[in-house]
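Hello,

Here is the structure for you to look through. My notes on what was found follow below it.

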Amino acid sequence: MMNADEFRRLGYAAVDWIADYHTLGAQGPVVPQVKPGDVTRSLEPHPPLVGESGDALFADFKDKILPGITHWNDPRFMGYFPCNNSLPSVLGEMLTAGLGVNTFSWITSPAGTELELLVMRWLGEMIDLPWAGVIQDTASTATLCALLSAREQVAPVNAEGLRGQQRLVCYVSDQTHSSVLKAARIAGIGDENVRVIPTHPVDFSMDVVALERAIDEDIRLGHKPFFVTPSVGTTATTAVDDVPAIVRICRARNTDIWVHVDAALAGSAAILPEMRWLMAGVEQADSFVFNPHKWMFTNFDCTAYFCKDKNKLKHALSLTPEYLKTDVDDVAENLRDWGIQLGRRFRALKLWFVLRSFGVEGLQEKIRLHLALAQEFATRVKDHPRFELVGNPRFNLVCFRLESDMATETLMTALNATGEIFVTHAKLGGRYVIRVSFGQTHSGWDTLEKLWSLLGETLRRQPQPA
Ligand code: PLP
């Protein structure tokens with residue numbers, strides 16, 4: 001087994017390796033050139049009977065694991081949404097791993113709980129949202145917590161189970177992230193009771209007139225509308241739903257329709273005064289989620305979940321068996337009551353390191369740069385004779401296409417085959433689009449130029465339209 005001396009030696013080597021990785025980027029293709037099963041075949045099929053040296057582990061990491069790694073933090077990774085990272089975050093994560101604490105109760109690590117509540121207050125201050133917040137693993141989990149809180153607000157399902165109550169109905173748009181549908185399944189709401197509201201054909205925001213009609217129709221039928229999820233920055237194209245209008249519609253009918261604002265990616269941009277518009281209406285909603293692990297340089301996982309009334313969250317999720325009772329329960333927060341699982345990682349440390357190391361201005365500078373890169377790319381796309389800009393890019397994502405689905409898909413496949421860039425796709429209004437996301441910690445103008453020239457070269461090699 002590894003002793004402290006070996007740990008020290010390999011730990012220093014690992015830190016050197018990480019520092020190089022963060023400054024030099026991946027030395028090779030951004031997406032690994034492996035086929036399904038290749039990694040498994042390169043590894044021992046059985047666990048070792050006797051312990052191996054740390055050198056062997058580190059060597060296999062480099063020789064066998066790294067060739068199968070997709071380099072999410074290389075600026076050339078422009079697929080999906082970013083999942084970015086930074087050196088202060090890694091340092092915080094290393095210390096969290098070193099401590100190995102569990103933060104389910106205040107007493108199980110007072111600093112873990114208090115730091116988490118503090119950094120969430122800091123984030124709230126940065127985005128102008130004066131609510132209590134808690135760190136969750138993912139936006140999917142935060143959304144499930146919101147849905148469970150909303151469900152308990154209108155039906156005592158925790159106590160009585162799902163039986164005989166009014167049909168509970170929730171509302172999403174055709175662009176809403178699948179995590180809301182999954183949450184509805186997990187919470188026993190069922191696909192049939194999720195109304196998928198259409199979006200506008202140009203900007204892909206939710207049609208609020210159709211939402212209003214759907215809610216009224218459900219009320220007329222004797223159903224119970226209880227949960228609406230506007231998105232601020234949808235996954236396919238970062239469309240922004242009209243949160244103020246959606247809140248008004250819900251409040252005009254019933255105060256117990258929970259409005260959960262999903263800003264998983266785009267929420268980070270609210271730290272910029274010029275982007276604060278994206279928070280319009282949020283204070284009248286019930287909950288808000290965004291992911292520092294997407295666009296705030298904090299390594300996965302780290303989701304910021306804010307709730308207007310933390311007691312509703314605790315009402316839905318708190319459960320205290322005898323063995324978890326402590327004598328400070330009435331004066332201290334036990335964060336297991338604010339989420340699903342009992343055991344909780346000490347995620348606040350890395351976020352605290354990031355916020356302090358960058359400072360608010362340092363974070364603003366990075367996010368502003370990413371927005372500028374996306375705007376410049378969108379302008380070039382608009383001016384290009386063959387490209388069509390799709391949607392209304394307001395954040396760090398740009399969607400575009402060629403004259404047909406087939407040409408667009410062929411271009412994307414060829415672009416990714418170079419190994420020099422990685423982009424992904426979506427379908428918008430049934431049409432295939434390429435999504436380009438600027439958001440890595442070290443993305444810069446050189447990243448944009450590289451992408452643009454690669455796009456030009458790849459396009460020239462494609463068959464030209466008749
Ligand atoms: N909501 C939106 C708008 C997203 O884009 C995503 C992921 O990309 C999610 C939710 C889910 O995020 P997570 O992976 O943190 O669950």
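**Aromatic pairs**

Searching the whole structure, which is a predicted model, turns up 18 aromatic pairs. One of them is formed by Tyr80 and Phe422: the ring centres are 6.1 Å apart and the planes meet at 55°, so this pair counts as tilted. The angle falls between the two limits, since planes under 30 degrees apart count as stacked and those over 60 as edge-to-face.

**Backbone points**

Please look at Tyr80 again for its backbone. Its phi is near 45°, a positive value in a residue other than glycine. As noted, Tyr80 belongs to the loop between H3 and H4.

There is also a cis peptide bond, which joins Phe300 and Asp301. Omega there is about 10°. Asp301 is located in the loop between H11 and strand S7 (303-307).

**The ligand**

Now to the ligand. Which residues are closest to the ligand? They are Ala139, Ser140, Thr235, Asp262 and Asn291, out of 13 residues that surround it.

By type, the shell around the ligand holds three nonpolar, eight polar and two charged residues. Two helices each supply at least two residues of this shell: H6 (139-154) and H11 (292-295).

- Ser140: 2.5 Å from an oxygen atom of the ligand.
- Thr235: 2.8 Å from an oxygen atom of the ligand.
- Asn291: 3.0 Å from an oxygen atom of the ligand.

How much of the ligand's accessible area does the protein cover? On its own the ligand has 390 Å² of accessible area, and the protein covers 86% of that. As for location, the ligand sits in the second largest pocket.

Best wishes

Technical notes: Residues numbered from 1 in each chain as written. Predicted model: local features only at pLDDT ≥ 70, side-chain atom pairs only at ≥ 80, totals over all residues. Heavy atoms only, no water. Near = heavy atom within 4 Å. Polar contact = N/O pair within 3.5 Å; in protein donor to acceptor, adjacent residues only side chain to side chain. Areas by Shrake-Rupley, 256 points an atom, 1.4 Å probe, with all protein chains shown as cover. 1 Å grid on protein atoms, 1.4 Å probe; cavity = no way out; pocket = protein on both sides within 12 Å on 5 of 7 lines; lining within 4 Å. Sits in = over half its atoms within 2 Å of the grid points. Helix = DSSP H or I, 4+ residues; strand = E, 2+ residues; numbered from the N terminus. Nonpolar A, V, L, I, M, F, W, Y, C, P; charged D, E, K, R; others polar. Phe/Tyr/Trp six-rings, centres within 6.5 Å; stacked < 30°, edge-to-face > 60°.
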